[in-house]
Amino acid sequence: MNPVSAPTWAPTLYLVQAQWLNLVRTPAYTLPTLLFPVMFYGFFGLLMIPGGARPLLGSFATFGVMGAALFALGVGIATERAQGWLKLLRASPAPVAAVILGKAAVAVLFGLVIVVVMSAMAAVFGELRLYTGQWLGFAAVMALGSLTFCLMGLAFGLWLSPNAAPAVLNLIYLPLGFLSGLWIPAQQFPGWLQELAQWLPPYHMAALAHAVLGVREAEIGISLLHLGVFSMICLLFAIAGWRRLDGVR
Amino acid sequence: MNKQTIAVIEDLEHRYRDQQALAGIRLEFGRGLVTALLGPNGAGKTTLIHLLLGLIPVQRGRIGLFGDQRPGSDRARARIGVMLQRSGVQDNLTVAELIDLFGSFHVVCESTAELVAEAGLEGLEARRFGRLSGGQQQRVLFALACVGRPDWLILDEPTSGLDPVARRALWAAIGARRAAGTSILLCTHYLDEAQQLADRVVVLNCGRVLADGAPDAIRRQVARDRIRVRTVLSADALAALPAVEQVGVIDSGHELMSSNATASVRALLAADPTADRLEVAPTDLETAFLHLTENAA
């Protein structure tokens, strides 16, 4: 047989491509992950609440991006781990970091698709007008914030069984979104609930989004610190979960 | 390790909590040979394969691959093609996408078109993995194992669950790789597969090597022949014949296992001159395997 030379950058790009194709061809992931936050934003942000287009764009985009990352990594990794795909990739010369990075890149990309769809709806139906820098800043906040939830999903995916992962993540996803003030602004919560919200990562991601969108001021440093610390905790759990794979038959 | 050796295992031991999975394994794998790894469930075959692939760390002992490469190292992984029992390949990717993906992991790889032809997957390139038959899926997995032109193919139950036609098609593909000089480690439950493909058979049981040699040598190690006969003699009378170790009843009469078929048959015909439908066959690999593992248990 005639050998073919593959370029050195190829594995990472092929892994991203393969995982993207696999994800978008999975309606059980794409439909709820894309449609629910977009539908909720259209209903609450554009139809029900006057003047909601701007603040709820930040809240529901955070909600959508969080779901895309949690389910792509959490359910995806748990399933691939149990079914042997992850083992096959680990046994192959695939760069191990690229396997995880590829999955995270795909989750971020999918999250950005949700952000773009919502932003288009906000511009067209909610007549939201922003400077180019604000749109780009908003996308950057969403992409960076998504990484936090990719790490959270990865940690859950490496520890949970494929049967438990969807149930557990749904149990976490919806209450976490609500308690972080993504559905009702945290400022309208009772005092103790407001205190709690300030410890939750989606609250801080939405706070950064709101600051970029010009909704309200944010303590950017504190929000970044919260997201950073939470990401590090998730990373530690993910590393422990990855090491655990070595002992699993 | 000499140039004709691709892997050396020395005093390998492995435990899962209280269970000893492997104990005192010493093996060498020669270049260009097909080695069949046999053993009942729980014998330690999968653990051994996972250790060779670096999927689990070596606890005690040593594994050297291609000289001094350790299992799981980048250089070792680049030279090994793998087909695992449960591959979990993503159902939504097409055959061509999967081959391109796995090809991208290697500096030099087979062309997709030639690999598709070798694996008998022509016309299926655009079909998603989840929409292939079981036999076609196994052929795709074999193609993925071969895409990087590996020096060593490790195949864990490659024909499990396949119909006879699909099995033989995969045997032909494995045979072609062997003919091209690829070393192969074949873990299988099918004794006829080992008989057909292997230059050497390693029998594992309870984490230890029970037998190691050419298939014929393993068969000879269990010096028993199978005698089938229709006779008026009772099972007890048959069991009392010289060299008969075991008597069973089959549709056409009785089946005897004998350590000396000539002596058993002479005595049988002397006791019952009317005996007919007499068949004598040497021990096959399956009988040898059962004898070895049952005796070890």
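Residues are numbered from 1 along each chain as its sequence is written, chains are lettered from A and ligands numbered from 1 in the order in which they are written, and side-chain values use heavy atoms, with hydrogens and water left out. Because the model is predicted, local features need pLDDT of at least 70 and side-chain atom pairs count only at pLDDT 80 or more, while totals for chains, interfaces and linings use all residues.

**Stop 1: chain B as a whole**

Taken along the principal axes, the C-alpha atoms of chain B fill a box of roughly 70 × 45 × 35 Å.

Colour chain B by relative accessible area next. Of its 297 residues, 52% are buried. Buried means under 20% relative accessible area, exposed means over 50%, and partly exposed lies in between, with a 1.4 Å probe and protein chains only. The accessible surface of chain B comes to about 13,000 Å², and carbon and sulfur atoms hold 46% of that surface. Accessible areas come from the Shrake-Rupley method with a 1.4 Å probe; for residues, only the protein chains shown count as cover.

Contacts (heavy atoms within 4.5 Å) can be split by sequence separation. Among those in chain B with a separation of 6 or more, 67% join residues 24 or more positions apart.

For charges, select Lys and Arg as positive and Asp and Glu as negative; His and the chain ends are not counted. Chain B has 32 positive and 35 negative side chains, and the centres of the two sets lie 4 Å apart. Each charge is placed at NZ of Lys, CZ of Arg, CG of Asp or CD of Glu.

**Stop 2: the interface with chain A**

Show both chains and select the residues in contact across them: 40 residues of chain B meet 35 residues of chain A. The size of an interface is often given as the accessible area lost when the parts come together. Here the two chains bury about 3,400 Å² between them, 60% of it on carbon and sulfur atoms. Buried area is the accessible area (1.4 Å probe) that two parts lose on being put together, summed over both.

Pick Arg77(B), Gln90(B) and Phe105(B): these supply 20% of the area that chain B buries against chain A, more than any other three residues. Then zoom to Arg25(A) and Glu97(B), which form a salt bridge with the closest N and O atoms 2.8 Å apart. A salt bridge is a side-chain nitrogen of Lys or Arg within 4 Å of a carboxyl oxygen of Asp or Glu.

**Stop 3: two buried residues**

Go to Leu213(A), in helix H9 (residues 201-213) of chain A. Leu213(A) is buried at 0% relative accessibility. Beyond four places in sequence, Leu213(A) touches Arg54(A), Leu57(A), Gly58(A), Leu130(A), Gln134(A) and Phe138(A).

Return to chain B and select His254(B) in strand S13 (residues 253-258). His254(B) is buried too, with a relative accessible area of 12%. Its contacts beyond four places in sequence include Ile227(B), Leu233(B), Leu238(B) and Val249(B).

**Stop 4: salt bridges within chain B**

Select Arg26(B) and Asp11(B), whose side chains meet in a salt bridge (2.8 Å, N to O). Arg26(B) is in strand S2 (residues 19-30) and Asp11(B) in strand S1 (residues 5-16), 15 residues apart. Arg26(B) is exposed at 53% relative accessible area, and Asp11(B) is partly exposed at 42%.

Move to Glu110(B) and Arg149(B), where the closest N and O atoms of the salt bridge are 3.2 Å apart. Glu110(B) sits in strand S6 (residues 108-110), and Arg149(B), 39 residues apart from it, in the loop between helix H5 (134-146) and strand S7 (152-156). Glu110(B) is buried at 5%, whereas Arg149(B) is partly exposed at 35%.

Now take Arg200(B) and Asp212(B), a salt bridge of 2.9 Å, N to O. Arg200(B) lies in strand S9 (residues 200-205) and Asp212(B) in strand S10 (residues 208-213), so the pair ties together parts twelve residues apart in sequence. Arg200(B) is buried at 14%; Asp212(B) is partly exposed at 39%.

To finish, select Glu110(B), Glu118(B), Arg149(B) and Arg177(B), which salt bridges with shared partners join into one network.

Notes. Helices (H or I, at least four residues) and strands (E, at least two) are DSSP runs, numbered from the N terminus.
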